[in-house]
Amino acid sequence: MTLRARIVGTGSALPKNRVSNDELAKRVDTSDEWIVARTGIRFRHIAGDGETTASLATEACRKALDTAKIAATDVDLIVLATATPDQTFPASATKVQAALGIDDCIAFDVAAVCSGFLYALSVADSMIRSGSARTALVVGAETFSRILDWEDRTTCVLFGDGAGAVVLRAEEGDSGILATALHADGRHNGLLYVDGGPSTTGTVGKVRMKGSEVFRHAVTNLASVMNEVLDRANVVTSDVDWVVPHQANARILDATARKLGLPAEKVIVTVDQHANTSAASVPLALDLAVRDGRIKAGDLVVLEAMGGGFTWGACVARI
Ligand code: UT7
């Protein structure tokens, strides 16, 4: 029998305030027609007072632990993926740990922007398979609204806030994470970045993106890493029940699925409701599809994401 990291619970959290494209069109020179046609986005949730990356992450983790029927005190590892931590330090993972009442476990943040959840999942999977942890919370949580330039229509309409979490448990058997693949290419730092930081400007900075160039790289890199991870898991496209992609743009989802020969009905889409929630988008979409009954025990699921750096990655899991 093989020891694997099995996804035994999922949870998610969204800020209360839901903002439509028409509401955004009152703040910047844009329109519902442009946003829907170019991105598929209709709504995004925006964090209000008291809603932070760590508070949304904590809510998502509580729900994931509830569905897994696992006590918080059983958790021995928390990996939180975010580009928008509550503070420069400590790691937001330790804030989640404290809020969940866990006195001692491994807890740290991972920074790989929109691919952060895939990076966090892969690290937690390795730690479980090597015996360093048995029960892990892997979280993607963001409050991108706080690093958006609300006067830049080319970026501010694209992002939203939220959190998603999974509980991983060490189990012997055929279910669980079968393979992961991660990549980064720092030559493209300048295509998607934040123009500030503690060691440079001393400010938090705002998101800057050359969208059409990111788009082109995204389709190529995502199709390639999905083929790679399917090979590693020794499965083929027709074995896949569901793809849970990073939700950046509906046109990227369509183009990637077409490139791989995947039917559109197998792709979980939430970008219309949540916009791009960066590291939160994959676990948020996974949780919705598990809760509405589309993703069921035994299904073969592919997760994938691409983001600033560039970083990109994919994972094949038997649920
Ligand atoms: O999560 C990390 C990964 N991120 C992504 O994957 C994002 C990838 N990129 C994209 O999703 C798309 O490139 C965008 C949605 C960002 C932009 O779509 P596009 O089809 O590539 O448009 P564009 O940037 O080429 O802009 C086309 C036109 C421009 O006007 P001109 O120069 O042709 O007159 C823009 O100024 O659309 C204009 N435009 C807007 N118009 C109305 C840009 N943003 C807006 C807007 N409302 N919000």
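The C-alpha centres of domain 1 and domain 2 lie 14 Å apart. In this predicted model, local features require pLDDT of at least 70 and side-chain atom pairs count only at pLDDT 80 or more, while totals for chains, interfaces and linings use all residues. Residues are numbered from 1 along each chain as its sequence is written, and side-chain values use heavy atoms, without hydrogens and water.

Domain 1 spans 3–173 and domain 2 spans 177–318; such bounds come from an automatic or database domain assignment. To the contact (heavy atoms within 4.5 Å), domain 1 contributes 53 residues and domain 2 contributes 48 residues. About 3,900 Å² is buried between the two domains, 62% of it on carbon and sulfur atoms; this is the accessible area (1.4 Å probe) lost by two parts on being put together, summed over both.

One salt bridge is counted between the domains, a salt bridge being a side-chain nitrogen of Lys or Arg within 4 Å of a carboxyl oxygen of Asp or Glu. D149 and R208 meet in a salt bridge through their side chains, at 3.0 Å from N to O.

The whole structure contains zero disulfides, a disulfide being a pair of cysteine sulfur atoms within 2.5 Å. Two cysteines are set out below.
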